[in-house]
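Have the viewer open and follow along.

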Amino acid sequence: MLNLDDSYRHKGQRRELVKILKRKGIKDEAVLNAINTLPRHFFFDTALGSHAYEDKAFPIGEGQTISQPYTVAFQTELLQVKPGDKVLEIGTGSGYQGSILHILGAEVHTIEYQKKLFERTKKFLTKLGINLHFYFGDGSQGLPSQAPFDKILVTAGAPVVPNSLLKQLAIGGILVIPVGDRRTQKMLKLTKKTSIKIVKEEFDNFAFVPLLGAEGWR
């Protein structure tokens, strides 16, 4: 069962969560506003609903998690989303991250590797009136039929940066991806300056579920 009631208490909890994210260094007001707007408890079973505004990741079934709010905010801030940006999200998961991108005004194309999760999240977000473009398949290979993308966000840990994703990034576009081993990954921000010049920036370590697929973990 899901609780789709957004009470004063929930709104207060979101404001507190935003304060925590600010203290942790998130500065982008648009990102903070999106997190303050989107009821995170909608993405939790009622039994776990009391934990929705803790700054922690939680399991959502199929071996996947809903990311920690700080991770969502950190990745989204690095992505520098502008209204109208065409964004590819690798790993739909619960739909929370994709919904944040949607609130920021992006045209979101999201791809999920797990069939059950894909079906469940697509149905749920459509019910919420959050209209994303949903795809079921191997996100490590991107979505060539819809390329190029202004921004690409990967919400699973990759062993290397998939070449397909760099190819599908528009010139001037940004790819945010955690890369490392199966336990811990370094957050990378790759900016495509020309068709051959990529500027790479490295950030903190994070722990994501593995990116499965032909250009991910097999």
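A helix crossing is called left-handed if the near helix is turned anticlockwise from the far one by less than a right angle, and right-handed if clockwise. This is a predicted model, where local features need pLDDT of at least 70, side-chain atom pairs count only at pLDDT 80 or more, and totals for chains, interfaces and linings use all residues. Residues are numbered from 1 along each chain as its sequence is written, and side-chain values use heavy atoms, leaving out hydrogens and water.

**Helix pairs**

Helices (H or I, at least four residues) and strands (E, at least two) are DSSP runs numbered from the N terminus. Axes are lines fitted to C-alpha atoms, for helices over the stretch in contact, with angles from 0 to 180 degrees between N-to-C directions.

| Pair | Angle | Axis separation |
|---|---|---|
| H1 (residues 8-23) and H2 (residues 29-37) | about 150° | 8 Å |
| H3 and H4 | about 40° | 11 Å |

H1 is therefore roughly antiparallel to H2, and their crossing is right-handed. The angle of the second pair makes H3 oblique to H4; H3 also passes H4 in a right-handed crossing. For these words, angles under 35 degrees count as roughly parallel, over 145 as roughly antiparallel, 65 to 115 as roughly perpendicular and the rest as oblique.

Which residues in H3 and H4 meet? Val72, Gln75, Thr76 and Leu79 in H3 are in contact with Tyr96, Gln97, Ile100 and Leu101 in H4, contact being heavy atoms within 4.5 Å. This contact has five nonpolar, three polar and no charged residues. Here Ala, Val, Leu, Ile, Met, Phe, Trp, Tyr, Cys and Pro count as nonpolar, Asp, Glu, Lys and Arg as charged, and the others, Gly among them, as polar.

On the H1 side of the other pair, the residues that meet H2 include Lys11, Arg14 and Leu17, and their partners in H2 include Glu29 and Leu32. By class, five nonpolar, two polar and five charged residues form the contact of H1 with H2.

**Backbone details**

Most residues other than glycine have a negative phi, and most peptide bonds are trans. Gln80, a residue other than glycine, has a positive phi near 50° and sits in the loop between H3 and E3. The peptide bond from Ala147 to Pro148 is cis, with omega near 5°. Pro148 lies in the loop between strand E5 (133-136) and strand E6 (149-154).
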